[in-house]
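I opened this notebook to record what I looked up in one protein chain. The entries follow the order in which I consulted the structure.

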Amino acid sequence: MAVRSRVEARATRSVAQLANVDLNLLVILRELLRERNVTRAAERVAVTQPAASAALARLRRHFDDQLLVRTKDGYVLSPLAAQLAEHVELACAVAERVFAAGGEFEPATATQEFTLVMADYTVAILAEPLSQLFEAVAPQAKLHVRIARQALTLEAPDEIRRVDAIVAPPMSSLMLPHVRALELFRDRWVCIVSSSNAELDGEELTLEDLARLDWVVSYLPDRGRPVTAPLPQQLALLGIHPRVAVRVDSYLTVPYLVAGSDRVALVQARLAERLADQLDLRVFECPRETTEIVETLWWCEDHDEDPAHAWLRQTLQHVAKRI
């Protein structure tokens, strides 16, 4: 009984502490930590700049910390704010799920924000039709698109609980009982070179060509780090040990680093098709078979019965079919 009394007492204190907190501050805190700018944070939550400044002052008093620290280049997060950022994102995501649960979802009047994680290549393929569809069908709903980092494969099991969905090829770290998956679209790897490349004048690209040319490679890990990105794995399938001239943590940047040079790169065919004419690139089929790219929508089972999330999944399916 004594143990139970202590537990109940702690629970009562927690409820009392929560009741004394203005939970509206949680939303403005999230935007302040995201934007690191009071004016932009105010715009995000549709309040005046003085109101956002007042909220920041209250938050600073509550945490006894500056949270946003002014520097010559703008504001940066304090050490405490950097620690809070992840917790705030999770708390807001949970709160949104609680208040969005049940009832019907009306896209025309919805103001909900959806957070998606995807590579910049996927953004280049999906973003335009997705943005247009949101504007036409759910004009007040918001999108928060986060660009996937190289460490996504390792971070995905935790990340999937904090966001609405991840768009990425199949990865073992997401093969979990509580994670759902839906194929969106497929792609393949192709080789690109500049039309001005003096090293190539034939109609085909050979393995010998790939071995002697300098490369632009995306997401090539530092020595000693595990290979988790798909591109180095494709190079291994080709039996190529590339002479890397440029490495970059981006897919979208690669064609720009090939343009006007004698370098070669392996990129997604849909990306190559979009940029070939603009950057004066030649596109070649790979001289050896590579793994097909299967862009997949991943989400946590917690979203299964959420009408808003069901609409998001249907919307992404529709966009994928359009491309």
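**Contacts and overall make-up.** I take a contact to mean heavy atoms within 4.5 Å. With that rule, residues 24 or more positions apart account for 75% of the contacts in the chain with a separation of 6 or more. I note that this is a predicted model, in which local features need pLDDT of at least 70 and side-chain atom pairs count only at pLDDT 80 or more, whereas totals for chains, interfaces and linings use all residues. Residues are numbered from 1 along each chain as its sequence is written, and side-chain values use heavy atoms, with hydrogens and water left out.

I found 12 helices and 12 strands in the chain; these are DSSP runs numbered from the N terminus (helices H or I, at least four residues; strands E, at least two). Of the 323 residues, 42% are buried. Here buried means under 20% relative accessible area, exposed over 50%, and partly exposed in between (1.4 Å probe, protein chains only).

**Strands β8 and β9.** I next examined strand β8, residues 214–218. Four of its five residues are buried, so β8 is largely enclosed by the rest of the structure. Strand β9 (residues 243–248) runs parallel to β8, and five bridges join the two; strands pair if DSSP finds at least two bridges between them. I recorded V246 in β9 as the bridge partner of V216.

**R243.** This residue is found in strand β9. I list R243 as partly exposed because its relative accessibility is 43%. Not counting residues up to four places away in sequence, R243 touches A211, R212, L213, D214 and W215. From R243 to R212 the C-alpha distance is 7.5 Å, although the two are 31 residues apart in sequence.

**Cysteines.** How many disulfides does the rule give? I counted zero, taking a disulfide as a pair of cysteine sulfur atoms within 2.5 Å. The closest cysteine sulfur to that of C191 belongs to C286 and lies 4.0 Å away, which is too far for a bond. C191 is buried, with 0% relative accessibility. C300 is also buried, at 0%.

**S261.** I located S261 in the loop between α10 (254–258) and β10 (264–268). At 13% relative accessibility, S261 counts as buried. Its side chain reaches the backbone nitrogen of R263 at 3.1 Å. Leaving aside neighbours within four places in sequence, I found S261 in contact with S194 and N197.

How values were computed:
A polar contact is a pair of N or O atoms within 3.5 Å; within protein, one must be able to donate a hydrogen and the other to accept it, and residues adjacent in sequence count only if both atoms are side-chain atoms.
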